[in-house]
Amino acid sequence: MKARPFHISTFGLSPDMKRVHPAFGSINRGDVSRQTLFDALETYRRLDSDCGPSASHITVQAETGRFVVRVSAKQLLFAAEAESRAQAVPLAPEEIVRRLEQPPAPISIRPPAPPPEPPWRLATALVVFAAGVGLIGYALKALFVPDGPRPDENIAVIPGDAPGVQLRSLAGTFATGQLPGDRRLAISENGYTEFAEIGPRQRLGSGADSIRIRRRDNQTFLDTTRSGIIEFVDKNTLRYYGDTYRRLH
Amino acid sequence: MLGAAIGVFAVGLGLAIAIPAVQAALRNSRAADVAGDLRQFAVAFEAHARQTGSLPPATEAAGEIPAGMQSQPGANWTRGSATGRYLWAPDTLQRGRRYRAAIVLWRDHTRLRANERRLLEEIDRRVDDGYLLSGKFQLGYRDQAFFVIEP
């Protein structure tokens with residue numbers, strides 16, 4: 001591939017580029033080859049300038065942009081034209097030519113991919129996330145309070161015909177007494193029980209409920225659907241919420 | 001990802017602190033209301049007994065104002081509370097013991113829920129010994145709470 005020429009112009013340099021003085025003004029040197037540019041930069045570097053780096057410069061138009069080269073203390077200072085003088089970097093002539101030939105760096109429109117997360121970070125995130133979900137679950141659990149545990153959860157149902165046999169033997173009416181405030185409990189053979197209170201409050205808390213006979217630790221219970229557990233003491237005595245019910249008939 | 005996880009954790013921590021705190025505040029407020037009601041009712045029934053020489057007769061339903069007490073228990077009696085409706089219960093049998101007079105906090109459902117038990121315990125701490133199986137405020141028949149007016 002054929003190298004493209006560089007277009008150069010000078011300021012403060014004599015036409016033969018051997019003397020420096022601002023009075024020489026701007027001179028357009030036209031397109032030059034790589035070697036010519038290198039020779040010109042080398043010549044420029046060797047010039048003794050008493051006027052300082054601002055007295056002269058070489059402007060180079062390359063494919064990569066427009067650049068300015070100044071000289072100070074036998075050193076070339078290279079900068080893009082848009083950059084300030086302070087941003088100029090000291091470079092040798094061959095480095096300057098190499099930089100001028102470098103194609104512009106491609107500009108990516110995609111952001112660079114983040115570096116992969118180290119394993120410890122991922123593990124920490126998972127642990128923290130799990131702890132957070134656990135805390136949310138714990139907090140929300142308080143809003144959905146379940147009913148208290150049934151006291152009869154571990155009670156086994158009596159298998160076979162035994163429940164029917166026991167229900168028939170239990171059927172009848174039981175009571176805590178005969179005074180106002182005492183309670184009655186009626187058990188039917190077909191598995192229902194009825195609660196009532198003697199006196200003005202007889203309508204309160206009355207109602208029927210179904211029962212099943214269950215056993216736990218060799219103790220027999222009557223398990224109702226809605227009304228909890230009726231303890232079986234013997235076929236003539238039951239206990240319900242601490243009250244003793246004795247058979248009336 | 002770690003940032004999102006920290007966010008979830010922060011939300012969880014905030015909820016875990018805030019929800020129990022709000023529930024406790026609500027429970028305390030409701031317990032204070034019921035405890036205040038019970039003290040006010042006790043004073044009213046004692047005053048009625050001093051004036052008439054006897055306590056009012058039993059009512060047939062919860063929330064019903066006892067005869068002769070129309071102006072005394074006030075609107076809170078008929079309105080009820082977070083624990084249920086108030087029931088005037090003279091000659092009441094509770095866990096094997098008969099009381100001359102008590103106020104039952106009547107609940108329509110049989111099974112006592114965990115949050116209801118905590119509320120009753122908080123009420124017990126305010127009016128009695130804090131223990132639901134002893135003292136003036138107890139759990140009785142079908143785990144209904146009752147407040148003893150006259151043992």
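How much area is buried between chain A and chain B, and what percentage of that area do carbon and sulfur atoms give? In this predicted model, the area buried between the two chains is about 3500 Å², and carbon and sulfur atoms give 63% of that area. The contact draws on 43 residues from chain A and 41 residues from chain B. On the chain A side, R201(A), L204(A) and Y241(A) supply 19% of the area that chain A buries against chain B, which is more than any other three residues supply.

Polar features also cross this interface. Between chain A and chain B there are 7 residue pairs in polar contact, counting pairs with both residues at pLDDT 80 or more, and the rule finds 1 salt bridge across the interface. In a salt bridge, the side chains of D182(A) and R98(B) meet at 2.8 Å, N to O. The side of chain A that touches chain B receives at least two residues each from α3 (119-141) and β15 (243-247) of chain A, and α3(A) gives the largest share, 15 residues. By residue class, that side divides into 24 nonpolar, 9 polar and 10 charged residues.

Leaving aside residues up to four places away in sequence, L38(B) touches Y86(B), I103(B), L105(B), I123(B), F137(B) and F147(B).

Key:
Residues are numbered from 1 along each chain as its sequence is written. Chains are lettered from A and ligands numbered from 1 in the order in which they are written. This is a predicted model: local features need pLDDT of at least 70, side-chain atom pairs count only at pLDDT 80 or more; totals for chains, interfaces and linings use all residues. Side-chain values use heavy atoms; hydrogens and water are left out. Contact means heavy atoms within 4.5 Å. Buried area is the accessible area (1.4 Å probe) that two parts lose on being put together, summed over both. A salt bridge is a side-chain nitrogen of Lys or Arg within 4 Å of a carboxyl oxygen of Asp or Glu. A polar contact is a pair of N or O atoms within 3.5 Å; within protein, one must be able to donate a hydrogen and the other to accept it, and residues adjacent in sequence count only if both atoms are side-chain atoms. Helices (H or I, at least four residues) and strands (E, at least two) are DSSP runs, numbered from the N terminus. Ala, Val, Leu, Ile, Met, Phe, Trp, Tyr, Cys and Pro count as nonpolar, Asp, Glu, Lys and Arg as charged, and the others, Gly among them, as polar.
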